[in-house]
Amino acid sequence: LGNDIHCFKTIDSTNNYAKKLALDGALEGTIVISEEQTGGRGRLGRHWVSPAGDNIYMSMILRPTIYPNEAAKITIIAAASIANSINKVTGLEAGIKWPNDIIIDNKKVCGILTEMSAELNNINYVILGMGVNVNIDKFPKEIDHIATSLKKALGTEVSRKEILINIVKEFEELYYNFINTGSLKKTVDICKKKSVTLGKIVNIINKNEIMIAEAIDITENGELVIRKDNGEIINIISGEVSVRGI
Ligand code: BTN
């Protein structure tokens, strides 16, 4: 992974550009990074604040030999890799808010946006996008109470290059382990250990319907097990929902 890296000073969205490259036949592991995004996208059609200079905006093209309904596993492999990297490089304890947020001091330090193109039972490509708040000091007022950066948490600047290299390295290990063995165990172990979701009451937003439930486990397939307030226990696939602590 990372043999072919496309760097930009500014771009609308690294995910959009990676998608174009993927359609042109770019190989697995191709990376797009930018200093700034003018149209950074988050999950659920949200905007991703992407000012120049301080953060990481990266997208990677993957062509995993898995079924389309397994694509959500890529997101949690990325979450585990990012949380591990942050810990290794900075010593900070980064938590994972299943499935796709990395949390420090109860605030979001990184988000993951996984997008896929598939036909029938074959994945054409997956774009794994991640935005890491590294050295940003000031967030727009609307998100200041829910967002943080590595620098804010640590009190000193952090090398973006070191974080980026480490994330790719950690991801490469967990990703190929999963592709080669078919087992997600290594990732799930990390996600459970670093989870800030388990044992908590969470909102599950699914097709405009909000369910309130207790998050009780993560299965070996990376699904979240929840206990609804009527006692019913169900598994949630990360592609379908967004979870937030109350
Ligand atoms: C989220 O938490 O809602 C996901 C945020 C993902 C942001 C990253 S930044 C790089 C890549 N390009 C985008 O437009 N979005 C992702």
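This is a predicted model: local features need pLDDT of at least 70, side-chain atom pairs count only at pLDDT 80 or more; totals for chains, interfaces and linings use all residues.

How many bridges join strand 2 (residues 31-37) to strand 3 (residues 56-62)?

Reply: Strand 2 and strand 3 are joined by 4 bridges, and the two run antiparallel. Residues are numbered from 1 along each chain as its sequence is written, and side-chain values use heavy atoms, with hydrogens and water left out.

Now zoom out to the sheet. There are 7 strands in an open sheet with mixed pairing, in the order 1-2-3-7-6-5-4 (strands are DSSP runs of E, at least two residues, and helices are runs of H or I, at least four, numbered from the N terminus; two strands pair if DSSP finds at least two bridges between them). Strand 1 (5-11) and strand 4 (95-97) each have a single partner strand, so they stand at the edges with one side left without a neighbour in the sheet. From one strand to the next, the twist averages 20 degrees.

Back to your pair: helix 4 (residues 160-181) lies across strand 2, strand 3 and strand 7 (122-132) (contact means heavy atoms within 4.5 Å). Helix 4 runs at about 25 degrees to strand 3 (axes are lines fitted to C-alpha atoms, for helices over the stretch in contact, and angles run from 0 to 180 degrees between N-to-C directions).

Elsewhere, helix 2 (residues 72-90) packs against helix 5 (residues 185-193) at about 60 degrees, their axes 9 Å apart. That angle makes helix 2 oblique to helix 5 (under 35 degrees is roughly parallel, over 145 roughly antiparallel, 65 to 115 roughly perpendicular, and the rest oblique). Helix 2 brings Ile76, Ile77, Ala80 and Asn84 to this contact, and helix 5 brings Thr187, Ile190 and Cys191.

One more link to look up is the salt bridge between Glu115 and Lys19, whose closest N and O atoms are 3.7 Å apart (the term needs a side-chain nitrogen of Lys or Arg within 4 Å of a carboxyl oxygen of Asp or Glu). Glu115 sits in strand 6 (residues 107-119) and Lys19 in helix 1 (residues 14-23), so the pair ties together parts 96 residues apart in sequence.
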